[in-house]
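Visitor: Could you take me through this structure, one part at a time? I am new to the subject.
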Amino acid sequence: QLPGIDLKNVNISVNEHTLEIRGEQKNEHENNKACYHFREAQYGTFDRIFNLPKYVNANEAKATYDKGILIVKITKEEEVKPKLIPIETK
């Protein structure tokens, strides 16, 4: 989940067998009332790294974001099937 984070501050990449999600949060809130002044700021970076199996197809990875939820989909490559070698007789 990434509620309140601007997507231009989020990077997603696949390197070898890892999925990396990195970002930066820049959030300020200010409230001015007649009797008080309140200001809150949240800043910070985050990163998440996930190990992936060897058989993923990084070229077809897709990310979607909806209502604060980031979904990353990475498809599997087709399994390499053993090639049958016919035996010829002479």
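Visitor: Where is Glu16 found?
Guide: Glu16 is found in the loop between β1 (10–15) and β2. Strands are DSSP runs (E, at least two residues), numbered from the N terminus. This is a predicted model, in which local features need pLDDT of at least 70, side-chain atom pairs count only at pLDDT 80 or more, and totals for chains, interfaces and linings use all residues. Residues are numbered from 1 along each chain as its sequence is written, and side-chain values use heavy atoms, with hydrogens and water left out.

Visitor: Is Glu16 buried or exposed?
Guide: Glu16 has a relative accessible area of 75%, so it is exposed. Exposed means over 50% relative accessible area, buried means under 20%, and partly exposed lies in between (1.4 Å probe, protein chains only).

Visitor: And what separates Glu16 from Cys35?
Guide: They are 19 residues apart along the chain, and their C-alpha atoms are separated by 56 Å.

Visitor: Let us move on. Which strand holds Glu20?
Guide: Glu20 lies in strand β2, which covers residues 18–32. Glu20 counts as buried because its relative accessibility is 14%.

Visitor: What does Glu20 touch?
Guide: Not counting residues up to four places away in sequence, Glu20 touches Asn11, Ile12, Ser13, Asn15, Arg48 and Ile49. Contact here means heavy atoms within 4.5 Å. The side chains of Glu20 and Asn15 are also joined by a polar contact of 3.3 Å. A polar contact is a pair of N or O atoms within 3.5 Å; within protein, one must be able to donate a hydrogen and the other to accept it, and residues adjacent in sequence count only if both atoms are side-chain atoms.

Visitor: How many salt bridges are there in the whole structure?
Guide: A search of the whole structure finds 2 salt bridges. A salt bridge is a side-chain nitrogen of Lys or Arg within 4 Å of a carboxyl oxygen of Asp or Glu. Glu20 and Arg22 meet in one through their side chains (3.2 Å, N to O). Arg22 also forms a salt bridge with Asp47, with the closest N and O atoms 3.0 Å apart. Arg22 lies in strand β2 and Asp47 in strand β3 (residues 37–51), so this pair ties together parts that are 25 residues apart in sequence.

Visitor: How exposed are Arg22 and Asp47?
Guide: Arg22 is partly exposed, with a relative accessible area of 36%. Asp47 counts as partly exposed, at 38% relative accessibility.

Visitor: New topic: which residues form the largest nonpolar core?
Guide: It has 8 residues: Leu2, Ile5, Val10, Leu19, Ile21, Phe46, Leu52 and Val56. A nonpolar core is a set of buried Ala, Val, Leu, Ile, Met, Phe, Trp, Tyr and Cys residues joined through side-chain atoms within 4.5 Å. In soluble globular proteins, nonpolar side chains tend to be buried together.

Visitor: Which residue stands opposite Val56 in β5?
Guide: Lys76 stands opposite Val56. The strands β4 and β5 run antiparallel and are joined by 7 bridges; two strands pair if DSSP finds at least two bridges between them.

Visitor: What lies in the turn of that hairpin?
Guide: There are 2 residues between β4 and β5, and Lys67 in the turn has a positive phi of about 55 degrees. Lys67 is exposed, with a relative accessible area of 78%.

Key. Helix = DSSP H or I, 4+ residues; strand = E, 2+ residues; numbered from the N terminus.
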